[in-house]
Amino acid sequence: MTREEIIEQVKEVLAEEFEVEQDVMTDDATIKDTLELDSLSLVDLVAVVEHTFKVKIPAADLPNVKTFAQLYDYIESHLH
Amino acid sequence: MNNRVVITGMGIWSCLGYDLDTVRDALYNGKSGIVFDQARKDMGFRSALTSYVEKPDLKKLIPRNQRQFMPEEAQYAYCSTRQALEQAGITQEFLDQHEVGILFGNDSVAQATYKAVSKIYEYKDTAACGSGSIFQSMNSTVTMNLATLFHLRGINLTTSGACASGSHAMGLAYLLIKDGLQDCIIAGGAQEVNPESVGSFDGIQAFSTREDEPTKASRPFDKNRDGLVPGGGAATLIVESLEHALARGAQPLAEIIGWGFSGNGDHISTPNVAGPQRSLELALKSAGVDVHEIGYVNAHATSTHAGDGREAMAIANVFGDYKVPVTSTKGQTGHEMWMAGASEVVYSILMMKNNFIAGSLNFEEPDEETACINVIAKTQEAHFDMFLSNSFGFGGTNSTLIIKDYKG
């Protein structure tokens, strides 16, 4: 899966799950603010990524996944 | 204290309609809400019959981060509660300024639980089920969601009493207000409508198999009944003290005057006569009325052989020579289970306020056991100002409400 495909798929599933427009998910935007995540719905981000890419983001890694670009990096580096 | 307890608002989300006027007309016209669901057949159901209830679209009403906590039964209950609050003239501003409680009957969260556990098994990771699952898969999901959405600060409790859950919620609301512990309670019942919630019920061969005639399958008290049809949705009633209602300028619709309950102390699924009979007797004693004052009985009768027969005998034993008109609205709705005790109060009040008794759909002729009561087969114009509503459930839990018209 190419990075472009990852980006396209992430935007698609997150827009569906969190009911936001895809164009607000710019590379440098903060995921938490853009998707209006609280401590509970942060779990949904983890679940959606796991369902879509079979990539688990352990709680210990979440602090390093703040922006969309960092999310793409994380998925790209952990895809099997 | 001994407050008078009134109902000032009602709401309904059922297979007969999604507003009170539509449901009133459906009752009057003998509409059936029962359909054949191929998905259930494909799953291996013995009977694929069910009521059909639309899922509401709440996207514009509730933000995603709150909506994700709501399984379908909570969504239905949200819709019925909005209607009831509106009819009662209770705004969000009022709820923010007063202590209002919530009591709802609910006794399953099967689909939400199934979905959550399936995700955990599939991904071997508990986070895979998402953050909404825990709140969706608790039996109190309806009350926890509505209390949060409407900012309720009074009693916050779910009653789980099998198919009498909604009626027990109404009864408890009545007692708390009568005793002065609460001024106003949002009371009701909710029932999920999906295969996961009733597959095991189908497994004990409790459902009608009249799949070639879905609208004729639910036939309470009829000689040829062959089982119940599962249904669901939600119903809400705003219950408050008469003093509280009048003080805020509300117009009461009806008054709850008695509640009776009992346990059979017997078989887990097969009902008896003595248990239900004691529930009726306690309700009459609680209300302080004579049987002749009851103008209509909304029976529990679900279209099962044993249940309908034994309820008929219990009614006959209590009412004696007085052949009170009896129907079961389940001929139209199927068995709304956890919701039924509340929805059937809504249906009965709609009849009482509009001067008719909806015919017991599909009742054609009684059998030996059900011949002892006066089942009204066809809708008739009828004036009554007091009714009795029965709800009975697995484990031998019984609840009976007596409600009269309010003519301030």
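This is a predicted model: local features need pLDDT of at least 70, side-chain atom pairs count only at pLDDT 80 or more; totals for chains, interfaces and linings use all residues.
View 1. Helix 3 (64-67) and helix 6 (110-123) of chain B each supply at least two residues of the side that touches chain A, and helix 3 gives the most, with 3 residues (helices are DSSP runs of H or I with at least four residues and strands runs of E with at least two, numbered from the N terminus). The rule finds 3 salt bridges across this interface (a side-chain nitrogen of Lys or Arg within 4 Å of a carboxyl oxygen of Asp or Glu). Asp44(A) forms a salt bridge with Arg64(B), with 3.1 Å between the closest N and O atoms.

**View 2. Extent of the interface between chain B and chain A.** Contact, meaning heavy atoms within 4.5 Å, links 16 residues of chain B with 15 residues of chain A. The two chains bury about 1,200 Å² between them, 47% of it on carbon and sulfur atoms (the accessible area, with a 1.4 Å probe, that two parts lose on being put together, summed over both). Arg64(B), Asn65(B) and Tyr123(B) supply 45% of the area that chain B buries against chain A, more than any other three residues.

View 3. Chain B has 15 helices and 15 strands, and 63% of its 408 residues count as buried (under 20% relative accessible area, with a 1.4 Å probe and protein chains only). In helix 8 (residues 141-149), 7 of the 9 residues are buried, so this helix is largely enclosed by the rest of the structure. The buried residues of helix 8 include Thr141(B), Val142(B), Asn145(B) and Leu149(B). His151(B), which follows helix 8, has a positive phi, near 55 degrees.

**Notes to the views.** Residues are numbered from 1 along each chain as its sequence is written, while chains are lettered from A and ligands numbered from 1 in the order in which they are written. Local features need pLDDT of at least 70, side-chain atom pairs count only at pLDDT 80 or more, and totals for chains, interfaces and linings use all residues, while side-chain values use heavy atoms, with hydrogens and water left out.

Conventions: Buried means under 20% relative accessible area, exposed over 50%, partly exposed in between (1.4 Å probe, protein chains only).
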